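Subject: Structure handover

Hello,

Please load it first, then read the notes below it.

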Amino acid sequence: MTELGSVAWPPAPLRTERLVLREREDRDTPAFIDLLASPEVHTYLGGPRPRGELERTLPGEVRRRPGLFVIERDARMIGMVQLVRFEAEGKEHTCPDVAEAELGYLLLPHAWGRGYGTEACTAALAWFAAERPGRPVALRTQTANERSMRLAATLGFTEVERFRAYDADQWLGVWTPPAPSA
């Protein structure tokens, strides 16, 4: 996936009632390894990456990635949320140009079921709407991922299409930011 073009990055940390969304720091590497190596987190994402590979490659990766926010709770990383340029992969989409950006998120299993995903994604979408007024955002998930489907509905994403990819039924939704008030 590619970056979002010319957004102001990094923004000041985004603060919600319980969370801070901020740029990645070196201290986040162990949590990123846990996140990317977690079988639970990657149930609907093709499986986890090998921990040994992550331990070799993540510390050397470039930290600055416009659109990638660490989700922090009580000064500890609990997940990530990102907005990246939307790119329709393959020919499975009948409407590949529905949005400029795509929302993605991952939370460590201990953070599930507490509303952190909703809180973090709402903050990230508000940031994007301020950076790119009026631009819609896409979200793709497997239909079998009930948590992700509920989160998409809670955030206000509406279904654009369902399709088959990676040997699974997929869902594509779009979120349109509210019109600016006069």
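Leu21 has Ile71, in strand S3, as its bridge partner. The strands involved are S2 (residues 20-22) and S3 (residues 68-73); they run antiparallel and three bridges join them. Bear in mind that this is a predicted model.

Now the helices on the sheet. Helix H1 (residues 29-37) packs there and touches S3, strand S4 (76-85) and strand S5 (101-107). The direction of H1 makes about 70 degrees with that of S4. Helix H4 (residues 146-155) also packs on the sheet. The contacts of H4 are with S5, strand S6 (137-142), S7 and strand S8 (168-175). Its direction makes about 160 degrees with that of S6.

The sheet as a whole is open and has eight strands, with mixed pairing. The order is S1-S2-S3-S4-S5-S6-S8-S7. Strand S1 (14-15) and strand S7 (158-165) are the edges, each pairing on one side only.

Next, helix H3. Buried residues of H3 include Tyr116, Glu119, Cys121, Leu125, Trp127 and Phe128.

Then the charges. Side chains of opposite charge can pair when their charged atoms come close. The whole structure holds 14 salt bridges. These are worth a look:

- Arg135 and Glu100 meet at 2.4 Å, N to O. Arg135 sits in the loop between H3 and S6, and Glu100 in the loop between S4 and S5, so the pair ties together parts 35 residues apart in sequence. Arg135 counts as partly exposed because its relative accessibility is 38%. Glu100 is at 15%, so it counts as buried.
- Arg73 and Asp74 form a salt bridge, with the closest N and O atoms 3.9 Å apart. Arg73 is partly exposed at 26% relative accessibility. Asp74 is exposed at 62%.
- Arg162 and Glu159 meet at 3.1 Å, N to O. Glu159 is partly exposed, with a relative accessible area of 43%.
- Arg22, Glu25, Arg27, Asp28 and Glu72 are linked in a network of salt bridges.

Best wishes

Notes:
Residues are numbered from 1 along each chain as its sequence is written. This is a predicted model: local features need pLDDT of at least 70, side-chain atom pairs count only at pLDDT 80 or more; totals for chains, interfaces and linings use all residues. Side-chain values use heavy atoms; hydrogens and water are left out. Buried means under 20% relative accessible area, exposed over 50%, partly exposed in between (1.4 Å probe, protein chains only). Helices (H or I, at least four residues) and strands (E, at least two) are DSSP runs, numbered from the N terminus. Two strands pair if DSSP finds at least two bridges between them. Contact means heavy atoms within 4.5 Å. Axes are lines fitted to C-alpha atoms, for helices over the stretch in contact, and angles run from 0 to 180 degrees between N-to-C directions. A salt bridge is a side-chain nitrogen of Lys or Arg within 4 Å of a carboxyl oxygen of Asp or Glu.
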